[in-house]
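Could you take a look at this chain with me?

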Amino acid sequence: MIFLKTTLPILVWLCYGPKVLAVNTSAEWSGWGSYGDCSRPCGGGLSNRTRTCLGASHTCNGTNIRYKVCNSQPCDVNGTKIRAVQCRSYNNVSLKDNLYHWEPHYDPRAPCSLLCRTVETGFVLKMQTHVLNGTSCGEHLAGVCIAGKCKRVGCDNIVGSTRKLDSCGVCGGDGSSCKLPRDDIQRHDHRKQGDKGSHWVIRWDTCSKTCGQGVQTATLACVDGSTDAVVPEALCSQQQRPETPPIRTCADNRSCTFRWHTFKWGSCSRTCGDGFMYRRVSCLKQLDTGERKDVPDRKCTEVKPNVKAPCNMADCPEWLTEHWSPCSVTCGYGEQKRKVVCRAKSADSCVSVHKPEMIQKCYSGVSCEEDDLASFQQDESSVTRHDFFDDERLQELFLFPQYQVSGWGSCSVTCGVGYRHRNVTCIKGGHMVPLTDCEGIEPHSKRECHNQQCPISVATATTFAWKHGNFKPCSQSCGRGTQTSIVECVDTRSDSTVIDFLCDGQQKPEPTTRHCNRVQCPPAWKVSEYGECSVPCGGGRQSREVDCVQTTAYGGIQALPRYRCPDPVPLAERSCNLQFCQAEWNTGKWGECSVTCGLGVEGRSVFCVKLVKADLQVNVSDAECFGPRPPSTRQCFYGECYELQQLPRIQEQKGTFIQIKRSKRIRLFVGEDATLLPNQAVKIKCPVKNFQKKLIFWTKNHRLIPLVGRVRVSSNGALRITRASPTTDSGTYTCSAGTLHANIHVAFQSKKEAKQKAAEILDSIFVENFNESFINRPQSDSNFKMKNTKFFHVNSVEGSSEYDYSSFTFTKWSECSAKCGLGTQTRIVTCNHVTDKYIRLPSDEECLKKGLSKPLSVQKCVIEAECPKWLLSDWTECSVDNCRREGYSARRRSVWCRYGNGSMAPDIRCVNGGAGSRPSTKEHCKNSNCTAVWKTSDWSECSGRCGSAGQKYRTLRCEWATTGSPANFACQHKPRPTVSKDCKLSPCPKGPCTDNTNHCQRIVRLNMCRYTVFRRMCCHSCKNAIYTLP
């Protein structure tokens, strides 16, 4: 059997008698498209590309889609794989009221199923039949899962590719690019040459134990090299069939000896609103006897299960109220009502005791001719409880509880005084609720009953007992008061009250307490106690709080508008302390001390004042004040006077010094960078304030400089160098004054180098940046002028001409900081001190001290007056003509770069002008009409061998339902219609099965027997051949 794979048309020329036939056996494919976007940003995804069959779909060999693995990098620094992410998504899913942590479990028998294992118990569960497309087949299996099948991946990341890395690490190489080790040359596999790459593989089953050490058994299988699918063993070489290895041991890193044991969860800490429940988790040791023993937690190496979990995450039930309805009457007192709803899963979840009031009394603000209270009682019948409900469903929800009583029972005694009882219940909507839910006064459930007088007997003649009598008056006339029962000593024979000492005092019961007058009180004023007076004398004011409130039937206080309470309104303020104030001494604040150190004096003002009114004081004669006059002066002491001593400070002179001509002596300062001529006498000063100069010492390269010699330190702390030598005196010198230090760097140059360097510096100072207004001319040279091109005769470094001037020099202006609009330019401005012997570049302060004006170093600039801006048009309609994916279309807009006057500008002007990058011109938008559907063609003719079942085919196309335009891959997640079906062919003609051409052997080799026309020509040869129908 020979298979021929090609994407080009195959023309076979056959001589059939006098005719020559050309048969096209395969249609052509179009070129492959480019790969699309990756399905995932990390963890391993898939991208695909497609091609189109240019003929009928069944005439093209191969597939029309090809996948490529992409974005294989891990999604986090821990290298988490996508299969682990899929298992972790079930961490918050409850399994038999327990939460577990899930990790991937790999089974070679189901590489593309999502198998997850609990970290706590090792239990394995199949979460999904198929993992996500692009997920790796397993830890040790090369390939990715697509539609639940494991597909092989070559070294070029193409799904289905057979390319592999050779021994040199080259993808698809033949191993000739490097020198192979001897072991690699002797390497071989169990493949049969020329058999489509089918080969033997050994697959190990899962371990027999989930913890500790177990065993694995091996399974030998013949697999296809391109798809890794199991194929018949006849396709693999029997000579290369390996021996099935024996069982092998396997170990799991979890210990079987020490395991976590979890107990049942406890009750939730809250009944609603984000509570927590806890459980006990212990580390147990499995003993040989089968028993378990508690051990420290450190013995268990696995992750400890959670001991805390959230519960009852739903919101707590609460009562919701609406606004009060208008008052039921137009004058006097009436009623107001409102809706009260329990917001919860069940209406019984809210506590009825905390239910807000649904009815309250109201005052219309106008007095009626009749009594207000009487009119309120008369109007009560005219307003039903359901008048303010306009929805039948709400009426059923807002049923009001009412008292319901049964008939009185028989008397408890047959003679004397007894009691009759009846049942008192609170009914709401046909169901019994607590008595506290009903409003109003609770009906009596017991009353006395009198029968005939009992005969007197010895046993009862002296019987006395405690009895609860009537209740005392209620503590409040409204607003839910309390009342207690009266405990009396009675004679049980006649039920008459007797003196208390006749009953046993130790058995006297406690009085019974109950609520009474559970009705709303009418609006009333609530006043607090007066506060303190604003002044102790002379007439002040004191205030108190005055509020209009109403006491509810449950004893609560509800604030009301002031107009609801009756007139008159109680006073909120009153006068107080009207008695006349006596004069008293008044003092001002103490002034500053007369000295800053030592003993001094400070003073203050003293007055005799009298309070005329609450906010008015006047000065009076000192004679009107009683008591001694307060002192107006006192001594002050701010510590001993000491002479302050300032801290030492080295005054460095930052800058550059360059000698261009020898002189008797050069004077330098610490902080400078000096370049000198050889054999020059040098004096380096180290100015230090608040420090003894004789204590200053100098070092060079951490070596102390002596007080005598060619290089020495003078008595005033200066460093002197006689006949400075480049070989020994170059380097950095350090001046030290206590803990303070300052450096100066000394270098040397020849006369020729000094002449060249001076010429360069003077050129840059005078030729490029010369400005006569910045020159400080010597006072002795009134006829000072600039002559010849080099200014001050650079060639006269060896001559006798003398000059000394200072100036500011500057560089050229930089480019403008803004391409459009207002920007800035900068330049470097430097202070220069030039003489015929040296050039010094000091700080700017040196030039400013000499009266020079510093040129500007920053200035404004404008290259283009106006900056263009981006102009955006409105987005186009989100139309079905631009569908891009399921439920999404695309819309566009225009973007221009435009000036304020309407003229257009290139886009680069807006980018450089600060308008930002160019806004996008297209985006995806939601459109529910963008629905992709499969469209099929008509069925083809039945094809196949005569007398047997054949096949019919049709083409399949994904297109948008509204426009019919191609939708490409939008249908890939939708059920795919079948593209082939069985059909029955006509019976074969009877006759001898012979070959009618001499080319039958070639037709068999080319696998042409699968076509009807060739089977008829070569009936005898094709009858015994193995072939596959197209």
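This is a predicted model: local features need pLDDT of at least 70, side-chain atom pairs count only at pLDDT 80 or more; totals for chains, interfaces and linings use all residues.

1. The chain has 1030 residues, of which 32% are buried. Its secondary structure comes to 12 helices and 67 strands. If you take contacts between residues at least 6 apart in sequence, 57% of them join residues at least 24 apart. The chain exposes about 65100 Å², with carbon and sulfur atoms supplying 51% of that area.

2. Now for the inside. In soluble globular proteins, nonpolar side chains tend to be buried together. Here the largest nonpolar core has 27 residues, and Leu 668, Leu 676, Ile 684, Trp 698, Leu 719 and Tyr 733 have the most contacts inside it. Elements that give two or more residues to this core include β44 (666-669), β45 (672-676) and β52 (731-737). The largest share, four residues, comes from β53. A second, separate core has 12 residues, among them Tyr 90, Tyr 100, Cys 112 and Met 127.

3. Leaving out residues up to four places away in sequence, Leu 676 touches Phe 657, Ile 666, Leu 668, Val 682 and Val 746, among others.

4. Leu 616 sits in strand β40 (residues 616-619).

5. A search of the whole structure finds 26 disulfides. One of them joins Cys 533 and Cys 576, with sulfur atoms 1.9 Å apart. The torsion about this S-S bond is about 85°, so the disulfide is right-handed. Cys 533 lies in the loop between β32 (524-527) and β33 (540-543), while Cys 576 is in strand β36 (residues 573-576), 43 residues apart. Cys 533 is partly exposed at 22% relative accessible area, whereas Cys 576 is buried at 7%.

6. Cys 816 and Cys 861 form another disulfide, their sulfur atoms 2.0 Å apart. Cys 816 is in the loop between β54 (804-810) and β55 (822-826) and Cys 861 in strand β58 (residues 858-862), so the link ties together parts 45 residues apart in sequence. Cys 816 counts as buried at 12% relative accessibility, and Cys 861 counts as buried at 9%.

7. Finally, a disulfide joins Cys 831 to Cys 847. Cys 831 belongs to strand β56 (residues 829-835) and Cys 847 to helix α8 (residues 844-849). Both cysteines are buried.

Methods: Residues are numbered from 1 along each chain as its sequence is written. Side-chain values use heavy atoms; hydrogens and water are left out. A nonpolar core is a set of buried Ala, Val, Leu, Ile, Met, Phe, Trp, Tyr and Cys residues joined through side-chain atoms within 4.5 Å. Buried means under 20% relative accessible area, exposed over 50%, partly exposed in between (1.4 Å probe, protein chains only). Contact means heavy atoms within 4.5 Å. Accessible areas come from the Shrake-Rupley method with a 1.4 Å probe; for residues, only the protein chains shown count as cover. A disulfide is a pair of cysteine sulfur atoms within 2.5 Å.
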